[in-house]
Structures are given as C-alpha cells and as structure tokens.
Amino acid sequence: MAVVVDRPRRRLAAAAAALAVLVVAGGTTFALATADDDLPTLTSVEITIRHSRFVPDRIAVPVGVPVTITLVNTDPIDHEWIVGDEAVHAVHRVGTEPLHPSRPTEVVVPAGESRTTVVTFEAGGKLRFICHLPAHEAYGMVGEVVIR
C-alpha cells in the first residue's frame, strides 16, 4: 500500500529538510551540527558570550591534547565558564565561590573582557559547560564539550 502525502505537506517537509541542512543569517552560512560526527575536532576554540548565551554551545576536542579556549564576553555583565561532569556542576549550583583562580576549567569572564584557558581533557565522552551565576543556567547558559 502506498502512502500519499499531499503537496503542501511535501513542500513543508522539503523546506524543513533544507533548513536542517543550512541556515543563512546575515549573509553568512552556518552548517547545523546535529550529530557528534558533524562537529570538527578543534585544539583552539573561541566561545563568544552574547546575550547570556555561549556561541557556539557545542564543541568537539581531542582526548589528551591541550586545547586553547578563548572566552569573549560581549555582554555588559560578568559570566563564568565552568566545564565538568554533573558532580562539578552540582557543587557550583549551591556554592558561593565567586572566583576560580588557577583552575583551567573554571573561568570568570568580566563584562566586555576576554579570558584564555588551556585544558587537556584526559578521557573521552561529554561534559557540559555552564555559567553558574544566579539564574544564568536556568536562562540557558549551557553548552557541551564532546571529547574524542
């Protein structure tokens, strides 16, 4: 038995598929990364903080290789970038530590400034990076590191 899809639905499905492949914004084309294999593995990454969001919010890095991460805060408020497993984030959700000196995976980025850190991820898998300043995580300041 054949399934018949009417033309409006077929056109909508085709448009949705095309949108899933490419997004064009401001004259620049960005490929959407939906699977871990679609992410390039980088040893140098710039993450911009804009409107209390991390851009990009997903990155891939190699295991056992130093990765230089530059955090650029374009917002008029301070943020932080903390990468780790759920245990790390659980501590920071209830913690009161305002600064994270000498920890490459815990960086405070003042308003309008940049910070660079070098992190070597020792095991493959996925970790999240989050800003744990009040209400920032709930607002959506969350990202993911795929380590491979």
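The model is a predicted one, and residues are numbered from 1 along the chain.

The aromatic side chains come first. A pair of aromatic rings is described by the distance of the centres and the angle of the planes. The count here comes to two aromatic pairs. In one of them, the ring centres of Phe-54 and Phe-129 are 5.1 Å apart and the planes meet at 80°, so this pair is edge-to-face; the cut-off for that label is an angle over 60 degrees. Phe-54 belongs to strand S4 (residues 54-55) and Phe-129 to strand S10 (residues 125-130), so the contact ties together parts of the chain that are 75 residues apart in sequence. Phe-54 and Phe-129 are both buried.

Phe-129 also pairs with Trp-81, and this time the arrangement is tilted, with 5.9 Å from centre to centre and 40° between the planes. Trp-81 sits in strand S7 (residues 79-84), so its pairing with Phe-129 in strand S10 again links distant parts of the chain, 48 residues apart. Like Phe-129, Trp-81 is buried. Put together, the ring pairs link Phe-54, Trp-81 and Phe-129 into a cluster.

One ring has a charged neighbour instead. The charged end of Arg-53 sits over the ring of Tyr-139, 4.4 Å from the ring centre.

Next come the salt bridges, and the count for these is seven. Arg-93 takes part in one with Glu-86, where the closest N and O atoms are 2.6 Å apart. Arg-93 has a relative accessible area of 35%, so it counts as partly exposed, and Glu-86, at 45%, is partly exposed too. Arg-93 also meets the side chain of Glu-137 in a salt bridge, at 2.8 Å from N to O. That pair links distant parts of the chain, with Glu-137 in helix H3 (residues 136-139) and Arg-93 in helix H2 (residues 86-94), 44 residues apart. Glu-137 has a relative accessibility of 22%, so it is partly exposed; the label buried would need a value under 20%.

Another of the salt bridges joins Glu-113 and Arg-115, at 2.9 Å from N to O. Both partners are partly exposed, with relative accessibility of 34% for Glu-113 and 31% for Arg-115. Elsewhere, salt bridges that share partners join Glu-86, Arg-93, Arg-128 and Glu-137 into one network.

Notes: This is a predicted model: local features need pLDDT of at least 70, side-chain atom pairs count only at pLDDT 80 or more; totals for chains, interfaces and linings use all residues. Side-chain values use heavy atoms; hydrogens and water are left out. Rings of Phe, Tyr and Trp (its six-membered ring) pair if their centres lie within 6.5 Å; planes under 30 degrees apart count as stacked, over 60 as edge-to-face and the rest as tilted. Helices (H or I, at least four residues) and strands (E, at least two) are DSSP runs, numbered from the N terminus. Buried means under 20% relative accessible area, exposed over 50%, partly exposed in between (1.4 Å probe, protein chains only). A charge sits over a ring if NZ of Lys or CZ of Arg is within 6 Å of the ring centre and within 35 degrees of the ring normal. A salt bridge is a side-chain nitrogen of Lys or Arg within 4 Å of a carboxyl oxygen of Asp or Glu.
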